[in-house]
Every structure is written in C-alpha cells, then in structure tokens.
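Let's take a friendly walk through how two chains meet, how they are related, and what links parts within a chain.

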There are 2 protein chains.
Amino acid sequence: MGRPAVLLLLLALLTPGVAIPVPPAVKALSSLRWSTSFTSRHFTGAKYSVHYILQKVDHFGFAVDKTFKQRYLIADEHWKKDGGSILFYTGNEGDIIWFCNNTGFMWDVAEEMKAMLVFAEHRYYGESLPFGNNSFKDSRHLNYLTSEQALADFAMLIKHLKRTIPGAKNQPVIAIGGSYGGMLAAWFRMKYPHMVVGALAASAPIWQFGNLVSCGVFMEIVTTDFKKSGPNCSESIRRSWDAINRYSRTGAGLGWLSEALHLCTPLTNTQDVQHLKIWISETWINMAMVDYPYESDFLQPLPPWPIKVVCQYLRNPNVPDAQLLQNIFQALNVYYNYSGQASCLNVSETTTSSLGTQGWSYQACTEMVMPFCTNGIDDMFEPHSWNLREFSDDCFKQWGVRPRPAWIITTYGGKNISAHTNIIFSNGELDPWSGGGVTKDITDTLVAITIPEGAHHLDLRARNAFDPTAVLLARSLEVRHMKQWIKDYYANLRKKH
Amino acid sequence: MGRPAVLLLLLALLTPGVAIPVPPAVKALSSLRWSTSFTSRHFTGAKYSVHYILQKVDHFGFAVDKTFKQRYLIADEHWKKDGGSILFYTGNEGDIIWFCNNTGFMWDVAEEMKAMLVFAEHRYYGESLPFGNNSFKDSRHLNYLTSEQALADFAMLIKHLKRTIPGAKNQPVIAIGGSYGGMLAAWFRMKYPHMVVGALAASAPIWQFGNLVSCGVFMEIVTTDFKKSGPNCSESIRRSWDAINRYSRTGAGLGWLSEALHLCTPLTNTQDVQHLKIWISETWINMAMVDYPYESDFLQPLPPWPIKVVCQYLRNPNVPDAQLLQNIFQALNVYYNYSGQASCLNVSETTTSSLGTQGWSYQACTEMVMPFCTNGIDDMFEPHSWNLREFSDDCFKQWGVRPRPAWIITTYGGKNISAHTNIIFSNGELDPWSGGGVTKDITDTLVAITIPEGAHHLDLRARNAFDPTAVLLARSLEVRHMKQWIKDYYANLRKKH
C-alpha cells in the first residue's frame, strides 16, 4: 500500500519475528501512475460521468454531524430502464477512476445485462477525503476509516441513486469488487442484502484473518507460482537471500551488490539491505499477483506470463553468489524494465504512489489485520513468524491505534457464513490471495469459482484474445449467476404487484 | 421512557403539529420500581448469577479505546452440555434484572430446551454505563448509544461465553427479545446470522419507522382496544379532551379539574393542562399495552382485562362535562390505584423511573425516530400531526443532536428483509405496537405469529392459568420453530465432523 506499507514491512523485518502485512491490491495501487498512460484498446473512450454525494463522516454516531463529498462514476450507455440492472463496484483502497479503468469485465457485460455501471470511491481514497488534507493527520481524523463506514456509504449511495435516477428505483443492484473491494462486495451482500441482490467477490481473501487459514499460505502460493514457472526457479530465489546476506557483510560487498543489481541508490548499511530484501520480496509477490497470460500493465508493463520470463534467468541455483545475484538482477529487470527505458532500479519503486498510500496502512493496523508468515521451507523467503504484539506496537507507534484482530471475524462471520446467499467468490489459483479466499462452494448460492490459470482477479479484467479458457468459463458462470439473481428479483417484483 | 420522554411529549404537544414519540416498552420502564416487589410465584427463587464483560465503548472506531463493564445474567439450572442450547435475551432500554424477571417464557421453556439462559444488559441502561455517571452528560458521551453498538456488544458477549464456558462452544444460540429488545433480536439475526441460529422478536415494531406504516396506526389500535372493551368507551375518552379544555379556560375550572381528578398537584396554567392530557393519553396507551387477561403488575398492579374494568366507568359519553370527567377519574383510578392505597394521582407517575429514563429519549432523538400522529377521527385522541422538523429542533435543544429518521430503514432493510431467515415475529392484536410489527409471514422462515387476545409481548410472560388459548398456541409454535433451528444446527454440525 505504498510508502506506509513499506514502513510497516520495514518495521516488520527489522523486528525479528514480525511478519509481513501485505494488503490486497496493494501493489496495484503502487503503480497508479501507470493508469494515466493506460491505453488498453478496450477502454479507449470508455465514457463515464463523475458525481459526488454528501455523506455523513460518521454513520454510527450522532455527535459528529459533519459531511464530506464521496466521488462516484456512472456509465449508463447500455443501461435499459426496462428490465435492466445496476452493477455497483464497491471501491477499494485507491482512486476510483483507476479501478473503473481496470475492471473491464463490467464494461464487457454492460450491454448483455442492460446495466448501468456505478463505481463508488472508498472513503479516505482518491478524492473522497472526509477531512481533506487533514484526513490522515491523526487517529482522530482517521477514526472513520473502517469497512463498516464504507459499506454504509455504499448503502446511502444506492438509496440516493434509486431516489434520484428515474427508472433506477425498481432495478436490481449487484455488488462487484476485486481484492479488498471483493471483500467489501461480499460483506455488503451479507450486511445489506436488501440493497443488493447478490455480489461478485473476485479474489477476495475474506478468510485471511485470525487463524482462519495458515499465515504461511500466501507466500507458499507465491513460491509455487515460481516453482511451476521454470526449473529451479524458486530454489534460486530461496538461495538468493543468503547470497545477499554474505555480500552485505562488508562495504565492498555492498558496493558490488549495488552495482550488480543496478540500484539507483547504493546500499550503505544493514537497514538498506533489509529494505532491498523487502523490495525484492514484494517484487516476487507482485509478479505472482499479475502473472497474466498476456502483455499487461496492471502494476507494471509486463510480458505475457511474466514469471516464466523471469524464471528463464533463474534455472541454476548452484552457481556462485555473484552469478546468482546477477541472475536475480536479470529477473528483477523483467519486472522493472520491460520497456528497456530504466537506467537503474529504484528500490522504492514498487511502493511509491500518489494515492491510497496511507489509508491501507491504517486499515491494516486496525481492522484488516492479516497475519502473514514465512518459514523458508514451504516457501522461498527468509523465515519470519507472525507476532501480533510487535505488530500492534508498531501500529501504535505509527498511527496511535492498536489493531483488533478478531473484530473482522466477529462482525463478518469468519467461516460461518452459510446463512447468507447469492455471493460468488472467484479466485485464481496463481493468486497468492486465493489462500485466504473461498475456493469451495459453501451452499448452492454461496459459490466458489476457481480459475487454475488465473492471477489476481483476472476475471474482472477486460476480455482479451489470450484469455485462457478457464477465465472465459468463469466469467460466463458469473454472468449466469448474476442473470439468475436479476431474474429472481423481477419475478418477485411481479409477484408483489 | 420516563422523564425525558415526557419532556419530549410535552414539547411535542406544546408545539402544534408535532406528534408523540412513544417508545416501545417505555412504559414498562416507568414502573421499574415495581420490580423490586415483584412476587409472581413463578419467579420466586428464580436463580441467576450476575456477570460483567469488558466491552469497547466504540466498536466502530479505533481512536477511543476505552472499555466499560456490561452486565449480564446467566441461569443454567436446566442447561445441558449435551444437545443443549443458549437462549440469549437481547436486553432493551432498562435494567436487565427487570427484564429477566419479566420474561417468564424463557424460564418456562428452559428445561424443555436444555437451555442456558443469558440476559444481556443494553449499554447505557441499568449498570452498564459506558461513562458511569457522566454517560448522559452530553452528546459526546452519548455518542456510543446506538443499536449497532448494542448488537456488537451482544456479538462480543456471545463470543466470550463460547470461549469461556466449557460446553458452550458448539451450542446453538437463539436471540429472544420483546419490544425494542425484540427489534434487537431480529436485527441481531439479520446482521449476525453467524452468531444466532434464529430470533424470537416479540412485539417488535421494526416497521414503526419512516412511512413504512401509517403514523396513525398506533393510536388507532389503542382506540380500538377501548372501543371493543365497552360500549361508548372510546367515545367517552374522545369527548373528554374538550371537556378538559373547557374547564381549563378559567382558574376556577382548573381548581375544579384538579379536585375532580384527585391530582396531587393542582393545575395552575396551560402547560399543566397539556401535561395532564399527555399523562392521561399515556395512561390509555399503557393500558392498551398491558391489557392482560389476568391480574398483573407489569407496569402497575392491575386487574384482569383492565380496559374492560375502566370502560365500565365510561359507558355514557352524553353526560355533562363534570360527570364525564368524574368518570374519567374513576377510569384513571383503576390504573393508578388498584391497590386502593393512593390518596391522590400524580401526573408524573407513569413516567418517572429510576432507570432507563434518559437513554431512550436520546435514542428516539437519533436512530429510533418513530412517527406518531392522531387525527381525532380514527382515534380517540386530540389531533396531532407528525412534524419531523420541529421534532428535530426539539431533539437538538434537548440533546444537541439531530435525528436521522431514514437510517434505521437503510441499515436494517425496512420492509425488504426477505433475504434473511429464522425470525419469528410475534404480535398481540391488542398491542398498539403491533401496528408497526410484522404480522404476516414474509417467507417460510420469516414467520408472523399473531395472538388475537394478546397485549404487549404476552407470549414472553410466564405461563398463567388464565392464558388464552391463542397465547399457548403461539408459545408452542415458537418453541417448535426454535427446536427446528436447534435440530438443523446440530445436523449441520454433525455433517461437518
């Protein structure tokens, strides 16, 4: 999640035993700058209008009666008042325009579903800042940055749309979101089933909390992606850490490392090396998330199946340290320099971003407490255990608040969610977030769709000629479910009248 | 709801066009003092233990990390670890011990359901005061008095019980509540279906909000109760207001009125007369709520079918004012002096109470905005329309907050709740609150049970030899549903293991 995430990561790794809090879709945000030059042919000319709604800063208390402007986008080119629907993107931790541009699926199905598209920005992100420039000033100003407040914003917005847009009132709304936005879509259906007839929760790790899943599963999946993408690939990476550590013992070693990895800023101390290792780890994580089958620029401009490309440089783990690290550089260079324009690698590059940087760090320190750990055996990373106490202390230092790691499970039900209906949980098996996702049907109407060749919410991306069959199937299943919800809605409506 | 409710009522009536906000179970609380001498044979010796749990003052924000002690009671005499259940009373606006003593139904079914009984006190009532004596100091201290925070308390408490009481972990919990507590029970199942397998919401006016039902329905039901209980009864009351008004024009008239009604404090001005009329209106409302078929002391010690007794004095509306008002006195005397001990009538008596007085007034001014109105035609009261703006201004004057009348519908779904399951809505047809209740089945598992001869949550009261058949039937249906939920729970549990 941009800079603060790095800070936390840094704190985490500098404090032995504290694990890595990697937020969903975090990496996505770090490349927000790419979105300005986003030129997928699919979205050239995608038309939406920009709107604002006044929201209460605090939906759950009455002492603060202040309001703020929440931004949302509407695209109604294909919307039909007769028998149509409203697809409502439950915005996550970033600028809503970027999500709008990166959720091609909604645009692709709009005509078929006679749908109005609505993209709602999450409070404290993009332009939707409750206290303007002071929004991240302190814990008092950040107090209203919670998933519950965000869901309440969505509910108020849907009511507003139904009241103000002629023809919208008696139309079914479906929540759609990816990553944290996918969690919000699912939770929105759970908590406000009167507002949406169903939810498509793509790559939503709603179980990456408490001990609902093993804290190691995330990094294990990253590792598996590399293992499967080339012989000895993950083993090469596993060995690279010690190689880095050995070079880091001397000033000369640091100098060599800095040159071998073409770093823009030379390494000078232990902290720099920690930062370097985090940056490299994050790079592998990012690649696992965006291991798409076609050329893409979701996080960085990348070739098709980027991990396979990377792994071509990492076939031999049994080489001297120098050679191994030169190979690592080649691998990193695929991710950071696919365009061939970069003259050096900037270790803050995956993580700087003009947007969403502070918000997620706060959320991870309060509600969104996702335990991560590595053991270096089942994964290719240096071992780090999950230490809640130290994590909490770090959060307190950074934000003046302490996490409540059990709250998300208490309020959203953890694994005990079978009373709910009409939620599609889709996951790509390549996506490390699938480890905390729902990958098996819970009931007839809480269904899991898995995409073996899919990375992070591939199904939400625009149609592409190189889409694997599995994602085409997933999307068509998703559409089938959504159409059923819409049909049921209209059948009930007719029954009532 | 005790004194502040009166204040609001007063404000309401003094401001033309503002209607009467009568909270559910409010009147119940005004007689909290009766509970100490409560000696229903059923509860003599009812055994429970008193406990406290530390709760976050704010479940929905992290800036305030303060905690407070929530009180709860446990009765486990009949609880079985093998195949048992937990009946969880979702405490409403008052001292939990009083609710515990007045919810005989739970005690009556405990053995049959092998149930542990838990009675959870609602924050800001009884002993569960987040800021001790300062809890009602100002809007800042009152900020955490909402239904959402109360539900979160219940969720945290259930988690705590399951974690700490051996044998409780894998047992089904059922939420039970009456009046506002019934709304909480229903809403708890809606928002936390992972916590409770179902809810019994007795006399829960979940639709007494916005324009979900007509604002006049409440007082129309009160009127019908009187109309049906004796010839010309409601007509006599309808005519009494003008008689009072006529007497109130002169000082001598006020003197006569004060004597005729045996008032402890003589009337001296217009405001006193307004207060008197409110007090009389509240008396009729109270009687409609507690029109039980047997001698009871829920709000006041009363004879069986108290309205019938009252109506014996109100058979002739066509008498001179003096006679009419003397008859009204006789009627009031039934309610206030069944014991024969009172030497005069105290116009603040229905509404004074040592408990719960301030909390509900604040809740009615924030979330629990229930529009009430009268027109003097379909009901027996003086006409008062519902005027939200003036109501809001009054609330702002009293509490420094403004109501958000649409919020309850936005968050809990209004009439659009068919996605939920396993809620029993029971209503007595004599109960004015049934007008805002669910009195028809919504789905197979959202069922309505109506009790023709029932007043306010008669079904939750202890078994009585004079119970009408309808309430016996209602209770047996309720038990049947609850047993089914328990059976389903255990069947699912076995499937998982």
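## How the interface is sized

Buried area is the accessible area, found with a 1.4 Å probe, that two parts lose on being put together, summed over both. In this predicted model, the area buried between chain B and chain A is about 3400 Å². Carbon and sulfur atoms give 57% of that area. Three residues deserve a look in the viewer: Phe62(B), His194(B) and Arg404(B) supply 26% of what chain B buries against chain A, more than any other three residues.

## Who touches whom

Counting contacts, 41 residues of chain B meet 41 residues of chain A. There are 21 residue pairs in polar contact between chain B and chain A, both partners being at pLDDT 80 or more. On the side of chain B that touches chain A, the elements giving two or more residues are α6 (139-142), α7 (147-164), α8 (180-191) and α17 (407-412) of chain B. Sorted by class, this side of chain B has 18 nonpolar, 12 polar and 11 charged residues.

Charged partners also meet here: two salt bridges are found across the interface of chain B and chain A. One pairs the side chains of Arg404(B) and Asp65(A), with 3.2 Å from N to O.

## How the copies are related

How is chain B superposed on chain A? A rotation of 180 degrees does it, with 0.0 Å of shift along the axis and an RMSD of 0.1 Å. The two copies are therefore related as by a two-fold rotation axis. Lys191(B) is the residue of chain B that comes closest to this axis, with its C-alpha at 2.9 Å.

Because 100% of the interface residues of chain B are also interface residues in chain A, the copies meet through the same surface.

## Disulfides

Over all chains, the structure holds eight disulfides. One of them joins Cys215(A) to Cys373(A), with the sulfurs 2.0 Å apart. This link is right-handed, with 85 degrees about the S-S bond.

Cys215(A) sits in the loop between β6 (198-202) and α9 (217-229) of chain A, and Cys373(A) in the loop between α15 (357-364) and α16 (388-399) of chain A, so the pair ties together parts that are 158 residues apart in sequence.

Terms used:
Residues numbered from 1 in each chain as written. Chains lettered and ligands numbered in written order. Predicted model: local features only at pLDDT ≥ 70, side-chain atom pairs only at ≥ 80, totals over all residues. Heavy atoms only, no water. Contact = heavy atoms within 4.5 Å. Salt bridge = Lys/Arg side-chain N within 4 Å of Asp/Glu carboxyl O. Polar contact = N/O pair within 3.5 Å; in protein donor to acceptor, adjacent residues only side chain to side chain. Helix = DSSP H or I, 4+ residues; strand = E, 2+ residues; numbered from the N terminus. Nonpolar A, V, L, I, M, F, W, Y, C, P; charged D, E, K, R; others polar. Least-squares fit on C-alpha atoms with pLDDT ≥ 70 in both. Disulfide = S-S within 2.5 Å.
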